Amino acid sequence: MGQVLKTYLGLFFLLLMGLVGIGVVAAGMEAAAARSYHADVISEIECSNFNPGVIAACESQAGSKGYELTVAELVYDGEQRQQMAEVILSFEYAIPVLNLVSDHEVRGFAR
């Protein structure tokens with residue numbers, strides 16, 4: 001009788017570890033997707049030469065994907081020849097099995 005209980009307890013913990021592992025991997029994949037999207041946004045802003053319409057489109061597209069995008073334009077030169085923009089992408093890092101949700105952000109600069 002003791003062996004049956006130990007077997008079921010072992011299977012339960014194995015299943016629990018599997019679910020936690022899947023949750024951690026899924027959260028890592030979401031974070032990697034957010035970093036990739038952030039790099040794409042920076043590239044698009046740089047290629048458009050800091051066009052306000054493109055920046056607004058990127059912000060609305062990020063909102064539809066569940067991200068929050070903030071673009072703060074900075075002027076690097078007094079004659080406004082070189083431009084720079086700080087691009088901040090906020091997203092939720094969530095592991096549902098552990099009921100863990102935290103806000104993360106990726107910061108970068110478009111030059």
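Colleague: What are the ground rules here?
Modeller: The model is predicted: local features need pLDDT of at least 70, side-chain atom pairs count only at pLDDT 80 or more, and totals for chains, interfaces and linings use all residues. Residues are numbered from 1 along each chain as its sequence is written, and side-chain values use heavy atoms, with hydrogens and water left out.

Colleague: How many helices and strands does the chain have?
Modeller: Two helices and three strands. Both kinds are DSSP runs numbered from the N terminus: helices are H or I with at least four residues, strands are E with at least two. The order from the N terminus is α-α-β-β-β.

Colleague: Is the chain spread out or a compact globule?
Modeller: More spread out than a compact globule, because its radius of gyration is 21 Å, well over the 13 Å that the globule rule gives for 111 residues. That radius is taken over C-alpha atoms, and the rule is 2.2 Å times the number of residues to the power 0.38. The C-alpha trace spans about 85 × 25 × 20 Å along its principal axes.

Colleague: What percentage of the residues count as buried?
Modeller: 26% of the 111 residues. Buried means under 20% relative accessible area, exposed means over 50%, and partly exposed is in between (1.4 Å probe, protein chains only).

Colleague: And how much area does the chain expose?
Modeller: About 7,700 Å², with carbon and sulfur atoms supplying 59% of it. Accessible areas come from the Shrake-Rupley method with a 1.4 Å probe; for residues, only the protein chains shown count as cover.

Colleague: Which residues make the nonpolar surface patch?
Modeller: Leu9, Phe12, Phe13, Leu15, Leu16, Leu19, Val97, Leu98 and Leu100. The patch covers about 820 Å². Helix α1 (residues 2-47) gives the largest share, six residues.

Colleague: What's the patch rule?
Modeller: Members have over 30% relative accessible area and no salt bridge; like charges are joined within 9 Å, and nonpolar side chains (Val, Leu, Ile, Met, Phe, Trp, Tyr) within 5 Å. Take Leu15, which lies in helix α1. Leu15 counts as exposed because its relative accessibility is 54%.

Colleague: Now the inside. How many residues does the largest nonpolar core have?
Modeller: It has 23 residues. Val41, Ile45, Tyr67, Leu69, Val87 and Ala110 have the most contacts inside it. The elements giving two or more residues to this core are α1, α2 (52-64), β1 (68-75), β2 (83-95) and β3 (100-110). The largest share, seven residues, comes from α1. A nonpolar core here is a set of buried Ala, Val, Leu, Ile, Met, Phe, Trp, Tyr and Cys residues joined through side-chain atoms within 4.5 Å.

Colleague: What is Leu69 in contact with?
Modeller: Leaving aside neighbours within four places in sequence, Leu69 is in contact with Val41, Cys58, Glu59, Ala62, Val87, Ile88 and Leu89. Contact means heavy atoms within 4.5 Å.

Colleague: And Ile95, buried or exposed?
Modeller: Ile95 counts as buried, because its relative accessibility is 5%. Ile95 sits in strand β2. Not counting residues up to four places away in sequence, Ile95 touches Gly23, Val24, Ala27 and Leu100.

Colleague: Switching to charges. How many salt bridges does the count come to?
Modeller: Two. A salt bridge is a side-chain nitrogen of Lys or Arg within 4 Å of a carboxyl oxygen of Asp or Glu. One is Glu86 with Arg107, at 2.8 Å, N to O. Glu86 lies in strand β2 and Arg107 in strand β3, so the pair ties together parts that are 21 residues apart in sequence. In the other, Glu105 pairs with Arg107, the closest N and O atoms being 2.9 Å apart. Salt bridges that share partners join Glu86, Glu105 and Arg107 into one network.

Colleague: Where do those three stand on burial?
Modeller: Glu86 is buried, with a relative accessible area of 18%. Glu105 is partly exposed at 43%. Arg107 counts as exposed at 52%.

Colleague: Last one. What's the phi of Asn49?
Modeller: Near 60°, a positive value in a residue other than glycine. Phe50 also has a positive phi, about 60°, and is not a glycine. Asn49 is in the loop between α1 and α2, and Phe50 is found in the loop between α1 and α2.

Colleague: Phe50, buried or exposed?
Modeller: Phe50 is buried, with a relative accessible area of 8%. Asn49 counts as exposed, at 61% relative accessibility.
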